[in-house]
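I opened this notebook to record, entry by entry, what I looked up in one structure. Each entry takes a single topic.

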Amino acid sequence: MSPAKLFALVDCNNFYVSCERLFQPALEGRPVVVLSNNDGCLVARSNEAKALGLPMGAPYFQVARTLRQHQVAVFSSNYALYGDLSRRVMQILASAAPASEVYSIDECFLDLTGIATADALSQQLVQQVRSWTGIPVSVGLAPTKTLAKLANRLAKKGLGQGGVLDWRALSEPSAVLQRTAVEDLWGISQHWGQRLRALGITDALALAQAPSAWLQAHFGVVLVRLGRELQGFSCLTLETQPPARKQIMVSRSFGQPVTQWSVLRAAITHFASRAGEKLRAQGLLAQALTVFLETSPDGKHGDPKARPPPESLTLSFSPPTADSATLVRAACWGAQQRFRDGSIYRKAGIMLLDLMPAGQVVPGLFDAPERADHARQRMQALDAVNARFGRGALRFAAELGGDTWRLRAERRSSACPTDWQALPRVRAG
DNA sequence: TCTGGGGTCCTAGGACCC
DNA sequence: TCTGGGGTCCTAGGACCC
């Protein structure tokens with residue numbers, strides 16, 4: 001018989017805040033928050049900020065006064081910094097376990113099945129990550145991913161030892177489940193939480209004890225699996241190989257409302273060429289592209305917040321392509337079909353769909369192979385220049401049509417260990 | 001005035017086929 | 001007069017995650 005499964009969930013504590021604090025240690029012990037793109041809402045909070053009652057995802061303008069009152073340090077998000085630190089943390093974790101799955105920018109599942117010293121190993125990892133990267137992490141150990149998530153929450157609350165909580169060591173796991181509100185579980189959000197509560201399921205223990213057939217009938221297979229996982233039967237496996245991307249999306253809310261075609265075209269051009277970069281970095285080709293435009297709430301139809309649905313258009317490519325010029329041309333053409341003079345646009349984006357590996361393409365009868373070769377070479381040159389001199393060093397002229405769509409990011413930290421210009425200067429003597 | 005961006009999975013229903 | 005049933009594929013929409 002194979003040994004019982006054992007998963008570790010390693011989660012960085014208040015990750016974005018911890019990243020910012022690395023470069024400003026004076027912020028230790030003070031409330032800190034990090035804002036989403038466009039400085040829209042709160043996406044990370046230090047423990048001190050949580051203690052002030054600042055909710056996750058709160059719109060910035062609604063909490064701005066509280067933030068000022070309590071002298072909370074506020075940062076725009078700096079994804080170059082977070083991405084770089086994430087990579088360093090993940091490398092350490094991957095080298096410590098037989099198998100790992102990077103689940104998000106700040107979380108990693110490890111498979112520790114059959115490792116008798118899992119507890120000690122986890123505590124050692126907490127130390128190691130802290131001293132090698134400066135990032136504090138917590139670990140939850142359990143026989144299923146869902147329970148490992150829950151164990152991690154408990155570890156963050158200071159239960160367990162040295163930042164590690166082992167579910168198997170709990171004396172009364174059912175009591176813990178009973179104290180866990182159903183919407184605090186991984187996979188249960190507000191909406192399902194309300195529906196479960198309406199049906200009398202308010203805590204994790206009740207969910208674990210609900211009959212599978214009943215869960216299936218009311219919620220489908222997703223909750224059946226969740227229930228099984230809570231009972232300790234592993235249904236979710238470790239995904240060690242990141243599955244091939246099925247779609248690539250680039251979209252942004254605009255820094256200011258956009259009404260001019262030239263500005264919109266500049267934004268669309270930027271999105272399409274950025275999407276092309278992502279596509280080529282993954283060695284993929286796209287067979288279709290969707291461009292969409294979202295207008296501002298128009299105040300009609302009673303509800304002032306009601307937004308008209310996005311206007312979109314999907315185009316297909318034959319042969320499949322990763323050529324930014326082709327993507328830009330298609331995206332701009334599509335956007336122009338949907339653009340209306342007099343409309344006020346607040347957001348736009350593109351999606352690349354029906355992706356396939358570049359090696360698998362079968363040339364069509366009427367394709368011109370030499371043209372595709374030239375395009376490929378142009379893109380290689382473009383990517384090489386931008387890798388050397390920074391993203392956007394070489395770009396499409398239509399991007400110069402206007403900059404007013406760009407994000408607000410008024411409080412971006414300058415810290416970035418991958419950018420020479422941003423390194424702190426130290427003077428001797 | 002101001003509420004992110006980028007993903008995945010599941011389900012239901014329709015089209016189509018034999 | 002009677003008018004099947006089972007399978008696949010696709011799409012849109014809804015839900016979730018961080």
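**Conventions**

I note that this is a predicted model, in which local features need pLDDT of at least 70 and side-chain atom pairs count only at pLDDT 80 or more, while totals for chains, interfaces and linings use all residues. Residues are numbered from 1 along each chain as its sequence is written, chains are lettered from A and ligands numbered from 1 in the order in which they are written, and side-chain values use heavy atoms, with hydrogens and water left out.

**Overall fold**

I looked up the secondary structure of chain A and found 14 helices and 13 strands. Both are DSSP runs numbered from the N terminus: helices are H or I with at least four residues, strands are E with at least two.

I then checked the extent of the chain. The C-alpha trace of chain A spans about 65 × 65 × 55 Å along its principal axes.

I traced an open sheet of 5 strands with mixed pairing, in the order β5-β6-β1-β7-β8. Two strands count as paired if DSSP finds at least two bridges between them. I recalled that strands of a sheet pair through backbone hydrogen bonds, either parallel or antiparallel.

Which strands stand at the edges of this sheet? They are β5 (99-104) and β8 (164-166); each has a single partner strand, so one side of each is left without a neighbour in the sheet. From one strand to the next, the twist averages 15°. Axes are lines fitted to C-alpha atoms, for helices over the stretch in contact, and angles run from 0 to 180 degrees between N-to-C directions.

I followed one pair in detail. β5 and β6 (residues 107-111) pair in the antiparallel sense over 5 bridges, and Ala 99 stands opposite Asp 111 in β6.

Helix α4 (residues 79-96) lies across β1 (7-12), β5 and β6, at about 5° to β6; contact here means heavy atoms within 4.5 Å. Helix α5 (residues 118-133) touches β6, β7 (137-142) and β8, and its direction makes about 165° with that of β7.

**The sheet of three strands**

I found another open sheet, of 3 strands in the order β3-β2-β4, also with mixed pairing. β3 (42-45) and β4 (73-75) are its edge strands, each pairing on one side only. Strand β2 (residues 32-35) pairs with β3 in the antiparallel sense over 3 bridges, and Leu 35 has Leu 42 of β3 as its bridge partner. Helix α1 lies across β2, β3 and β4, at about 110° to β2.

**DNA strand B**

I listed the 23 residues around DNA strand B; Lys 246, Met 249, Ser 251, Arg 252 and Ser 253 come nearest. A residue is near a strand if one of its heavy atoms lies within 4 Å of it. Which element gives the most to this surface? It is β9, with 6 residues.

Of the atoms of DNA strand B within 4 Å of the protein, 68% belong to sugar or phosphate and the rest to bases. I noted two polar contacts, which are pairs of N or O atoms within 3.5 Å. A polar side-chain atom of Arg 225 lies 2.8 Å from a phosphate oxygen, and a polar backbone atom of Met 249 is 2.6 Å from a phosphate oxygen.

**DNA strand C**

The residues around DNA strand C include Tyr 103, Glu 107, Ser 189 and Trp 192. Sugar and phosphate make up 100% of the atoms of DNA strand C that come within 4 Å of the protein. A phosphate oxygen is 3.0 Å from a polar backbone atom of Trp 192, and another entry places a polar side-chain atom of Glu 107 at 3.3 Å from a sugar or linking oxygen.

**Backbone geometry**

Most residues other than glycine have a negative phi, and most peptide bonds are trans. I recorded a cis peptide bond between Ser 318 and Pro 319, with omega about 0°; Pro 319 lies in strand β11 (residues 311-321). Asn 14 has a positive phi, near 40°, and is found in the loop between β1 and α1 (15-23).

Definitions and conventions
A polar contact is a pair of N or O atoms within 3.5 Å; within protein, one must be able to donate a hydrogen and the other to accept it, and residues adjacent in sequence count only if both atoms are side-chain atoms.
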